[in-house]
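Work through the exercises below with the sequence and the structure side by side, and try each task before you read its solution.

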Amino acid sequence: MTKETVEIVANKEVIAINQEKETFLVDPHGVQAKKVRMEGDLEVWAGPLSGYRVALLLLNRGPSRTSITALWDDIEIPANSIVEARDLWQHKTLKQKFVGNLTATVDSHASDAMVSSGLSAIGYKYINIDDCWGELKRDSQGSLVAKASTFPSGIKALSEYVHSNGIYSDAGTLTCSQTMPGSLGHEEQDAKTFASWVYIVLSLSCIRQGIDYLKYDNCENTGTSPRERYPKMSKALLNSGRSIFFSLCEWGQEDPATWAGDIGNSWRTTGDIQDNWKSMTLIADQNDRWASYARPGSWNDPDMLEVGNGGMTKEEYRSHFSIWALAKLPLADRV
């Protein structure tokens, strides 16, 4: 990652809103923020925080620098309140006090969250392995096998090195790359395989285990409804003997926000994101409609962060990261 990318994804104050860290901004409710005002290319996003605080995002999708106003009525602040605001990208509390509304000048494609990387230390938890990690054929016992050319020591050894590891599979006969088997019809066996990649650390604190996270994709699915396929893996993970975060990735095809909270920890609400402004803002809009379904332990997922991959400007990446953080979305960047 470049220094500029790390500065964005390691902004502790913005992450505090997303992760509910015990800083001066604490959100014990895990409520997803939503868009509360839109006037042409100008938008106001807001979400509640504890202590009568509000997290506020001013988003300028237009081509030029302009002013954006957030009204107290839009963000459920009493009309005559005198409000102090903090700019989380400048890391400073603004000298001006605001009454009735807050107006700020916002650069084109910029946002302000008002209210060697060090990423692990500030709360990033998993290193997730995506598609193509396995061989095309299962072993003689029917188990998934790590690709020898990529992981010669196997996934268990990798988990021992990484400590918090995520893995990928698919609710179909093959994964999306078509280079390794999916888990359809093998849910129980594969869940037990993931759980078996265990290692022990002899220390004063704990016994650590390997696979903590499963992204479960939707390719080669034989046309069967996700509502039939995904609960099987959910049950298999619960029976595997260890806690594994279950991330459903059925691309929002059957409105998973309305049903996936009972079987998983997060669910994709959209198709795949692309590393450009148009794709990112379109996906943010699509995800916004499902805000009321998110709650602690069950989150909407409009796909991963693209911060630092080169397709957007620094200001656009700040907007991207701010929206994902404010809306309590999974903060997963690709490297």
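**Exercise 1.** Find which backbone nitrogen lies 2.9 Å from a polar atom of the side chain of Asp-87.

*Solution.* Start at strand β5 (residues 82-87), where Asp-87 has its place, strands being DSSP runs of E with at least two residues and helices runs of H or I with at least four, numbered from the N terminus. From the side chain of Asp-87, go to the backbone nitrogen of Trp-89, which lies 2.9 Å from a polar atom of that side chain. This is a predicted model, in which local features need pLDDT of at least 70, side-chain atom pairs count only at pLDDT 80 or more, and totals for chains, interfaces and linings use all residues. Residues are numbered from 1 along each chain as its sequence is written, and side-chain values use heavy atoms, leaving out hydrogens and water.

**Exercise 2.** Find the residues with the most contacts inside the largest nonpolar core.

*Solution.* A nonpolar core is a set of buried (under 20% relative accessible area, 1.4 Å probe, protein chains only) Ala, Val, Leu, Ile, Met, Phe, Trp, Tyr and Cys residues joined through side-chain atoms within 4.5 Å. The largest has 36 residues, and those with the most contacts inside it are Tyr-124, Phe-321, Ile-323 and Trp-324. Helix α7 (314-326) is among the elements that each supply at least two residues, and α7 gives the most, with six residues. Beyond four places in sequence, Phe-321 is in contact (heavy atoms within 4.5 Å) with residues including Ile-8, Trp-89 and Tyr-124.

How values were computed
A polar contact is a pair of N or O atoms within 3.5 Å; within protein, one must be able to donate a hydrogen and the other to accept it, and residues adjacent in sequence count only if both atoms are side-chain atoms. Buried means under 20% relative accessible area, exposed over 50%, partly exposed in between (1.4 Å probe, protein chains only).
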